[in-house]
Amino acid sequence: MDPVRCTVKGVYVAVGAAGASPAVILNTGENRFLPIYIGLWEAISINNALNNELSPRPLTHDLFVEFFKKFNIRLLSLKIDSLEEGVYYATMLLDRDSVEATMDCRPSDGIALSVRCDAEILIDPGVVESSSVPFDELPRLVDLNSYFSG
C-alpha cells in the first residue's frame with residue numbers, strides 16, 4: 001500500500017491525569033489523527049515554523065535548512081516508517097543533483113524540517129491503522145501558544 005499523506009494540524013500540550021506533554025498532531029484524513037509526543041524544544045521549533053516565526057539567530061532546524069540550501073540539497077519527503085515499543089521512526093528522502101538518499105531521523109526533527117522546506121509528510125499505512133484515532137479520542141489538547149501565555 002502507498003504511504004498516507006498527512007498534514008500538521010498543530011502543536012499542542014496534551015493534558016491528562018499523568019501531567020502535560022507537548023505533542024504534534026498529524027491529520028491523516030477522514031477524521032483520523034496521529035498524536036506524536038515530542039520534546040518541548042522540538043514542539044517550539046515546529047510551532048515557530050507553522051507560524052512563520054524566525055528567531056534573531058538560527059535555531060538548529062533553521063540551520064539545517066540553510067545547510068540544505070547552501071549545498072543544493074532538497075528535502076523531498078518525510079516518511080514515518082514504523083512504531084516500535086512506543087517509539088516512532090522516520091526517514092527523510094533527500095535529493096542533491098538528481099541523486100536521492102535517505103536519512104534516518106526522529107519524526108519531530110523531520111516534521112520541523114518538512115514544514116520549513118514545504119516537503120510532504122507521509123505515514124506508513126500500518127502506522128496509521130494502528131495509531132491514528134478520531135479527534136474526539138485524543139487527550140485534552142491546549143494550543144502550545146495558549147498554554148504558555150495564559
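This is a predicted model: local features need pLDDT of at least 70, side-chain atom pairs count only at pLDDT 80 or more; totals for chains, interfaces and linings use all residues.
**Entry 1: strands around β7**

I started in β7, where I123 is the bridge partner of I80. Residues are numbered from 1 along each chain as its sequence is written, and side-chain values use heavy atoms, with hydrogens and water left out.

Which strand pairs with β7 in the parallel sense? I found strand β4 (residues 73-84), joined to β7 over 4 bridges. Two strands count as paired if DSSP finds at least two bridges between them.

On β1 I looked up the pairing with strand β7 (residues 120-123): the two run antiparallel, with 3 bridges. C6 stands opposite I121 of β7.

**Entry 2: the β5 and β6 hairpin**

Next I went to strand β5 (residues 87-96), which runs antiparallel to β6 and is joined to it by 7 bridges. For T91, I noted D104 in β6 as the bridge partner. The hairpin of β5 and β6 has 2 residues between the strands, and D97 there takes a positive phi near 55°.

**Entry 3: salt bridges**

How many salt bridges does a search of the whole structure find? My note says 6. The cut-off is a side-chain nitrogen of Lys or Arg within 4 Å of a carboxyl oxygen of Asp or Glu.

I looked up E42 and R106, whose side chains meet in a salt bridge at 2.7 Å, N to O. E42 lies in helix α1 (residues 40-50) and R106 in the loop between β6 (99-105) and α3 (107-117), so this pair ties together parts that are 64 residues apart in sequence. Is E42 buried or exposed? E42 counts as buried, at 15% relative accessibility. R106 counts as partly exposed at 45%. I use buried for under 20% relative accessible area, exposed for over 50%, and partly exposed for in between (1.4 Å probe, protein chains only).

I then checked D109, whose side chain meets that of R106 in a salt bridge at 2.9 Å, N to O. D109 counts as buried, at 18% relative accessibility.

R116 lies in helix α3 and D62 in helix α2 (residues 60-70), so the pair ties together parts that are 54 residues apart in sequence. R116 is partly exposed, with a relative accessible area of 21%, and D62 counts as buried at 14% relative accessibility.

What does E42 touch, leaving aside neighbours within four places in sequence? I listed R106, S108 and D109. Contact means heavy atoms within 4.5 Å.

In α1, I found E42, A43, S45, I46, N47, N48 and A49 buried. The buried residues of α1 pack against β1 (4-16), β2 (19-29), α2, α3 and α5 (144-149). After α1 comes N52, with a positive phi near 55°.

**Entry 4: helix α3**

I turned to α3 and found this helix mostly covered, with 8 of its 11 residues buried. Which residues of α3 are buried? They are P107, S108, D109, G110, I111, A112, L113 and S114. D118 follows α3 and has a positive phi near 55°.

**Entry 5: the nonpolar cores**

Last, I looked up the largest nonpolar core, which has 31 residues. By a nonpolar core I mean a set of buried Ala, Val, Leu, Ile, Met, Phe, Trp, Tyr and Cys residues joined through side-chain atoms within 4.5 Å. V24, L26, I36, I111 and I123 have the most contacts inside the largest core. A second, separate core has 5 residues, including A23, I25, F33 and L138.

As general background, nonpolar side chains tend to be buried together in soluble globular proteins.
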